[in-house]
Amino acid sequence: MAQVPQRFFDALAVRTWCGLSLRALGRAREEIDAINVYPVADGDTGTNLYLTLESAVAAVEAVFAAHELDDGAPEAADGPSLAETVGAMAHGALIGARGNSGTILAQLLRGMAQVLTARSGSRSESAHTEGPGLRLALRNAAESARQAVAHPVEGTVLTVASAAADAADDAEGDCAEVARAAYEGARAALAATPAQLPVLERAGVVDAGGHGLVTVLAALVETFTGQAPGPGAATVTHARVERRESVPPEASPAPGDEALAGECAVAEADRHDEPAFEVIYLLEAEDAAVTRLRQRLDALGDSLVVVGGDGLWNVHVHVDDAGAAVEAGVEAGRPYRIRITHFGHGDAHTAGTGRAPRERSRRAVVAVVPGEGLAGLYAEAGATTLLARPGEPPASGELVQAVRRAHAHEVVLLPNDAELRHTAAAAAEQARAEGVRVALIPTRSAVQGIAALAVHEPERRFDEDVVAMTSAAGATRYAEVTVAEHRSWTTAGICQAGDVLGLIDGDVAVIGADVAEVAATVLDRMLSAGGELVTLVLGDEAPGTVTEHLEARVREAYLAVDTVVHRGGRQGALLLVGVE
């Protein structure tokens with residue numbers, strides 16, 4: 001059905017464009033996922049672009065909804081302004097950006113918003129912008145996205161964005177003409193990406209991120225013309241491109257073919273040296289701190305993209321040391337919504353001739369964790385993590401997306417919180433409906449998850465692995481030391497705001513005034529029933545001497561009991577304790 005065309009780029013046009021783009025990416029998501037071979041073949045570019053834009057759409061719709069609620073006010077009669085709408089679009093994309101491609105898309109939208117917001121500040125264009133304004137917005141989008149990437153590579157979405165801006169610069173006329181020119185320029189650049197990036201040529205595909213951007217620009221054309229680009233235009237952006245025929249095994253290779261074979265062999269070896277983790281987080285930090293963060297993360301890994309501004313940033317990097325990447329964010333400011341994905345051996349490194357780019361790993365572990373330090377610890381053990389901020393438990397949809405990011409045939413789900421039991425069960429059911437075999441182990445604390453992960457063996461039969469992990473978690477008593485926020489009745493008596501509480505297996509067992517004393521009492525009660533290993537996870541706000549005190553107590557009073565200490569970061573509780 002034809003879309004009613006918009007004449008200008010105003011708030012309604014932004015809303016229309018975002019909605020059309022989301023629907024178009026929804027239709028193209030699987031095709032884009034299937035051709036994702038760069039920078040790693042993890043088969044999620046289409047999904048990441050969709051989720052990023054979904055967040056932008058939600059923010060735009062929220063702005064319109066707020067004006068509808070206030071439609072009795074005179075200033076709300078005409079709906080939101082262009083500046084409000086593009087600002088919401090950019091902010092929504094920033095906080096919801098997923099993966100390398102989604103992060104770059106967020107910066108492209110932010111670059112457009114910067115120009116459109118500035119132009120809407122003038123009286124003559126307060127409600128909308130026309131062709132010249134759209135040209136400037138597309139140019140700033142391409143340049144700001146390129147600046148956000150530590151080491152820009154040609155043959156990627158950056159190349160496609162630059163080509164769109166170049167074509168738009170040469171266009172005369174209204175927004176429809178500029179959008180059509182940008183789309184045609186991007187489409188031509190996309191078709192040329194295999195010649196610019198050897199990994200694309202070997203796989204016989206165009207760049208996945210570029211494909212996504214062309215899809216978004218096609219929606220921009222539809223916004224201003226009322227019609228999506230015709231079938232003829234789509235043929236150039238088809239996922240697969242022609243590849244040279246392979247030489248029959250019995251034929252002698254020509255010199256050029258030997259060179260190509262050598263290049264492929266080198267590329268195959270290089271892929272095994274690619275970083276093992278993708279780390280993404282939002283960061284509240286000053287500009288100077290972000291500049292230092294870029295330098296540190298650039299030394300740790302690759303595929304570094306840092307987007308945002310005005311105190312809020314989205315950080316994306318591929319590294320081998322996920323914990324170090326998170327710690328760098330902690331030093332720069334306040335990281336949150338941390339997502340760490342382990343690139344499985346059968347998943348992340350499958351790009352190349354003769355190999356399917358979307359091969360799933362056999363098995364993965366997905367875990368909800370309460371702090372940045374624990375996120376790094378779990379990720380280093382091979383788990384896909386979802387960070388749960390204090391007071392903000394994840395929804396079932398976020399757990400489902402974490403299962404999808406794990407990209408495995410079999411998934412062991414560790415909620416690590418008794419209150420997440422039903423949420424995790426709903427997520428497991430949804431994932432099973434999508435064809436993933438999921439086992440939910442009802443871990444009630446991150447220390448139980450650590451115990452389960454310690455005995456995880458992917459090469460074992462799935463049922464045997466789940467039984468072993470469940471047994472290890474069940475054999476681990478858990479406790480935490482925290483501070484009471486208000487006066488209340490507890491199983492150990494009445495506590496006042498500011499009291500130190502010791503909870504064992506979820507119930508308040510000790511009330512005191514000193515963190516070290518309460519922690520020691522908790523540990524003594526737990527070890528009175530026996531134990532072989534004590535795990536201590538120290539939060540950022542806990543006194544640094546607490547673990548030293550507890551380690552000394554275990555050495556002196558409990559023979560043959562070992563102690564392991566981890567840094568949990570901003571985990572809510574001052575201390576987590578596990579006894580196996």
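## A walk from a helix pair to a sheet

In this predicted model, helix α16 passes helix α17 in a right-handed crossing. Select residues 396-406 for α16 and residues 421-433 for α17: the two helices pack with their axes 8 Å apart, at an angle of about 45°. That angle makes α16 oblique to α17.

Now show the side chains between them. From α16, pick Ser396, Leu399, Val400, Val403 and Arg404; across from these you will find Thr423, Ala424, Ala426, Ala427, Gln430 and Ala431 of α17. Sorted by class, this contact has 7 nonpolar, 3 polar and 1 charged residues.

Next stop, the sheet. Follow its 6 strands in the order β15-β14-β11-β18-β16-β17; the sheet is open and its pairing is mixed. Select 507-512 for β15 and 562-569 for β17: these strands stand at the edges with a single partner strand each, so one side of each has no neighbour in the sheet. On average, neighbouring strands here are turned by 20° against each other, direction ignored.

Zoom in on residues 533-539 (β16) and 575-579 (β18), which run antiparallel and are joined by 5 bridges.

Finally, colour by pLDDT. The protein averages 83, and 85% of the residues score at least 70. Over residues 232-238 pLDDT stays under 50, with 12 contacts beyond four places in sequence.

Terms used: Residues numbered from 1 in each chain as written. Predicted model: local features only at pLDDT ≥ 70, side-chain atom pairs only at ≥ 80, totals over all residues. Heavy atoms only, no water. pLDDT = per-residue confidence, 0-100. Contact = heavy atoms within 4.5 Å. Axes fitted to C-alpha atoms, helices over the stretch in contact; angles between N-to-C directions. Helix = DSSP H or I, 4+ residues; strand = E, 2+ residues; numbered from the N terminus. Parallel < 35°, antiparallel > 145°, perpendicular 65-115°, else oblique. Left-handed = near helix turned anticlockwise from the far one by under 90°. Nonpolar A, V, L, I, M, F, W, Y, C, P; charged D, E, K, R; others polar. Pairing = 2+ DSSP bridges.
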